Amino acid sequence: MDNSLKKRTFKNLIYSFSAQIISICLSISMSLIIPKILGVEDFGYWQLFLFYINYVGFFHFGITDGMYLKNGGIEYNKLDKKNISSQFYMLFLLQMVLLLLFSVLSYLFINDGLRKLIIIFTGIYMIVANMNWYLGYVFQATNRVKLYSVSVMIDKLIFLLFIVIAALFKLKNLIIYISFFIFTTLCALIFSVYNSKEILLTKPYTLKESYKIAFDSARVGIKLTLSSVSSLLILGVGRFLVDKVWGIEAFGKFSFALSLTNFFLLFISQISIVLFPTLRQVNIDVAKKLYYKFNVYLDLLLPVIYVLYIPMKMILEIWLPQYSISLIYLSMLLPICIFDGKTQMINNTYFKVLRKENTLLKINLITVFISSVFSIASVFIIKNINFVIIGMLFSICVRSIIGEIYLSRYMNVATDLKNLILIIIFSILFIFYNFVFSNIISFVFIFISYLAYIYFSKSYIFLFEMISTSKK
């Protein structure tokens, strides 16, 4: 990797991490302040809205992903602006039709007034978010990560400010929270539109030609879109069934535990945004070397989250005592940070770079099937939420392991099975400690286990390497 590319990648990481620090602050506020203000039932509906909007990305039907895959790594001045403009306006037309469809269907088939309203709000958010994501993907594809990161900052900072004001005035109106959430994304969209005016002011092709271009992007990107949606369904199927069987309050407490795992995963997803266009610009030999290093460093750093769990748990027990059951769920869900973290940062990124969307989709579909079987059995036969969580965790682990083994073999890089087994054992011990022992004893055992993991996996060698590199 040449020096100019290294410098550009480093700057992009700085902007990305800045945006992600703000995102982390917002996630903490949304997970810790909003449940403190809203009642348990209203917080459940808030989580239901957040759950629904996870899936609005499906409704660009691969247009955004296809555009991203075809243009990833292209310099901005070489971009076909007429092509990008045509797809933008075609996508906007599609979103408007879908909003109308959502509104009619919710009016006809949903009796719960609040759920009906949440679905309509989801449709409105779908338009704003999908158009903003499209332009954000243009920024990412052309390695203008700074603009993308600023867009994220605008969205998150405004809503973070709103939460502070809502906390000061103890605002309890759920609809205001949802409306302002959509408004902040609209502000980010306005920023993205302004910084894409050169593209958007380019006259698009005719409606027929624009449809053909958008359809071609959808054909390329639909597999990646389906992979992303199926990835969400690994956890989504279980959440959906919890809502239907145990009700909105149980869903809220269950979702609260899942939202806490997202703090850590936010950092990982942001790194992957920078890695994709960067890896598209290096040769395969360099990509292979980086793949091995990324795996080694993540095996060292990701398990630190286990050590941090007990201090975090003790704080949350004081702050939100009504969500104590959520912390039990969290102790079982936390290993998702390890395995899903590696999947998001390394596996998914390399599948995109190597244009293995088919394989990625197959792996995700297999994982969704496993998760669905576990979830259905846990809800309707065993009737225990804990088993729903076990099914989710098992599915995430299977996906991570299959992805790592496949990529290692494809690139002729040795799979470190020893480290893989050690991290699985450490994860099982982590869950066991938290179910059997008190907080203090669990923390001691977890810390000792982490030291043992570093020793037996020989991760300390890479730790010394990282320290010596940082001093140069």
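**Cysteines**

I looked up Cys187 first. In this predicted model, Cys187 is buried, with a relative accessible area of 18%. I set that against the cut-off: buried means under 20%. Cys337 is also buried, at 1% relative accessible area. Then I checked for disulfides. The structure holds 0 of them.

**Thr185**

Next I went to Thr185. This residue is found in helix 8, residues 174-194. Is Thr185 buried or exposed? I noted a relative accessibility of 3%, so Thr185 counts as buried. I then listed what Thr185 touches, leaving out residues up to four places away in sequence. The partners are Tyr125, Val128, Ala129 and Asp155.

**Helix 14 against helix 17**

I turned to a helix pair. Helix 14 covers residues 335-353, and helix 17 covers residues 417-436. Angles over 145 degrees count as roughly antiparallel. Helix 14 and helix 17 are therefore roughly antiparallel to each other.

Which residues meet in this pair? From helix 14 I wrote down Pro335, Ile338 and Phe339. From helix 17 I wrote down Ile423, Ile424, Ser427, Phe430 and Ile431. I sorted the residues of this contact by type: 7 are nonpolar, 1 is polar and none is charged.

**Helix 15 and its end**

I checked the span of helix 15, residues 357-382. It has 26 residues. From the first C-alpha to the last, helix 15 reaches 36 Å. Just after helix 15, I found Lys383 with a positive phi of about 60°.

**Met411**

My last stop was a loop residue. Met411 lies between helix 16 (385-410) and helix 17. How accessible is Met411? Its relative accessibility is 1%, so Met411 counts as buried.

I then looked for the contacts of Met411, leaving aside neighbours within four places in sequence. Met411 is in contact with Lys288, Tyr291, Tyr350 and Leu354. Met411 and Lys289 are 122 residues apart along the chain. Their C-alpha atoms are separated by 9.8 Å.

Notes. Residues are numbered from 1 along each chain as its sequence is written. This is a predicted model: local features need pLDDT of at least 70, side-chain atom pairs count only at pLDDT 80 or more; totals for chains, interfaces and linings use all residues. Side-chain values use heavy atoms; hydrogens and water are left out. Axes are lines fitted to C-alpha atoms, for helices over the stretch in contact, and angles run from 0 to 180 degrees between N-to-C directions. Helices (H or I, at least four residues) and strands (E, at least two) are DSSP runs, numbered from the N terminus. Angles under 35 degrees count as roughly parallel, over 145 as roughly antiparallel, 65 to 115 as roughly perpendicular and the rest as oblique. Contact means heavy atoms within 4.5 Å. Ala, Val, Leu, Ile, Met, Phe, Trp, Tyr, Cys and Pro count as nonpolar, Asp, Glu, Lys and Arg as charged, and the others, Gly among them, as polar. The expected span of a helix is 1.5 Å times one less than its number of residues. A disulfide is a pair of cysteine sulfur atoms within 2.5 Å. Buried means under 20% relative accessible area, exposed over 50%, partly exposed in between (1.4 Å probe, protein chains only).
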